[in-house]
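Subject: Structure for your review

Dear colleague,

Please find below the structure that I am handing over to you, together with its sequence. My findings follow directly after it.

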Amino acid sequence: LMRVTDEEMDGDVTGILGSLRRLFVMLKAADEQSVDPVMLTDAFGWDAGQVRIQQDMHEMQNLLMEQIDLQTKGSAVEGLIPRLYRGRFRERIECMECGAMSDKEADQWGIMANVQGFATLEESLSALFSSDGELLDESNKFTCGSCEQKVIGRLTVAPVELPPMLWVNLKRFQYIRAENNYQRVKITDRLEFSEELDLTPFLVQQDQQATYRLNAVVIHSGSAGGGHYHALIRDELGEGHW
């Protein structure tokens, strides 16, 4: 991103991309424990009130990636963000009546992993990409093109292509029914993960390596209604701590 010139950004140094560059320079050069990201929040068009509203990490990630990708169009690094962070996944629905299969592929930024009911991240991802999949039963039947009627089906998900840098978002927030409305709650169950993650066995075609090393962890402190995010980043400088 630092290779994008001001001319390629049409001189817009106050936009999201320009503000990110300034923020990175400040983080690297400033002799401070923290820096004020106000130039970035201003670039998003947020006022003081909106800055205090808790943002969903997954939605924020998608917004940031899409905006950077948009603002690097026509530059020397056009397409860099999708190449680094965007994967491709296949959804397959199998008709339990006739066995016909329907495939759909789509790009997405990272993986959404369930927390509840699992002890480790590996267990959660194994269930997500399991060949057993999810049964589309009486309450959620699908229309089979061969049977020409609504039938019970089996939905499975598998990665077609995984990016060099992978986001794994944990589903820490969910809505539960409470009387006449839905209430947002935070799932605080423990989920263990190692510093190495191998997703090669889950690929549709195992013609690429999909082994990852943990590089950073984004942590939410607070409740479902509010809180703060902070990050632990791998000690690449050898300073003795993340």
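I begin with Glu148, which lies in the loop between strand E5 (142-144) and strand E6 (149-151). Helices (H or I, at least four residues) and strands (E, at least two) are DSSP runs, numbered from the N terminus. Glu148 has a positive phi of about 60°, although this residue is not a glycine. Glu148 counts as exposed because its relative accessibility is 69%; the term buried stands for under 20% relative accessible area, exposed for over 50%, and partly exposed for what lies in between (1.4 Å probe, protein chains only).

The model is predicted, and local features need pLDDT of at least 70, side-chain atom pairs count only at pLDDT 80 or more, while totals for chains, interfaces and linings use all residues. Residues are numbered from 1 along each chain as its sequence is written, and side-chain values use heavy atoms, with hydrogens and water left out.

Overall composition

The chain contains six helices and 14 strands. Of its 242 residues, 28% count as buried. Taken along the principal axes, the C-alpha atoms fill a box of roughly 65 × 45 × 40 Å.

The four-stranded sheet

An open sheet is formed by four strands in the order E2-E1-E7-E4, with antiparallel pairing; two strands pair if DSSP finds at least two bridges between them. Its edge strands are E2 and strand E4 (134-136), each of which pairs on one side only. On average, neighbouring strands of this sheet are turned by 30° against each other, direction ignored; the axes are lines fitted to C-alpha atoms, for helices over the stretch in contact, and angles run from 0 to 180 degrees between N-to-C directions. Within the sheet, E1 is joined to strand E7 (residues 153-161) by eight bridges, and the two run antiparallel. Glu91 has Val157 as its bridge partner in E7. In a regular strand the side chains alternate between the two faces of the sheet.

The second largest pocket

The largest share, five residues, comes from E2. By type, the lining divides into eight nonpolar, five polar and four charged residues; Ala, Val, Leu, Ile, Met, Phe, Trp, Tyr, Cys and Pro count as nonpolar, Asp, Glu, Lys and Arg as charged, and the others, Gly among them, as polar.

Two hairpins

Strand E9 (residues 173-178) and strand E10 (residues 181-186) pair in the antiparallel sense over six bridges. They form a hairpin with two residues between them, and Glu179 in the turn has a positive phi of about 55°. Ala178 stands opposite Asn181 in E10.

Strand E13 (residues 216-223) and strand E14 (residues 226-233) form an antiparallel pair over eight bridges. This hairpin has two residues between its strands. In E14, His228 is opposite Ser221, and Gly226 is opposite Ser223. Ser223 is partly exposed, with a relative accessible area of 43%, and Gly226 is partly exposed at 23%. From C-alpha to C-alpha, Ser223 and Leu199 are 31 Å apart in space and 24 residues apart in sequence.

A buried loop serine

Ser130 is found in the loop between helix H6 (121-128) and E4. Ser130 counts as buried because its relative accessible area is 19%. A polar atom of the Ser130 side chain lies 3.0 Å from the backbone nitrogen of Asp132.

Yours sincerely

Methods: Polar contact = N/O pair within 3.5 Å; in protein donor to acceptor, adjacent residues only side chain to side chain.
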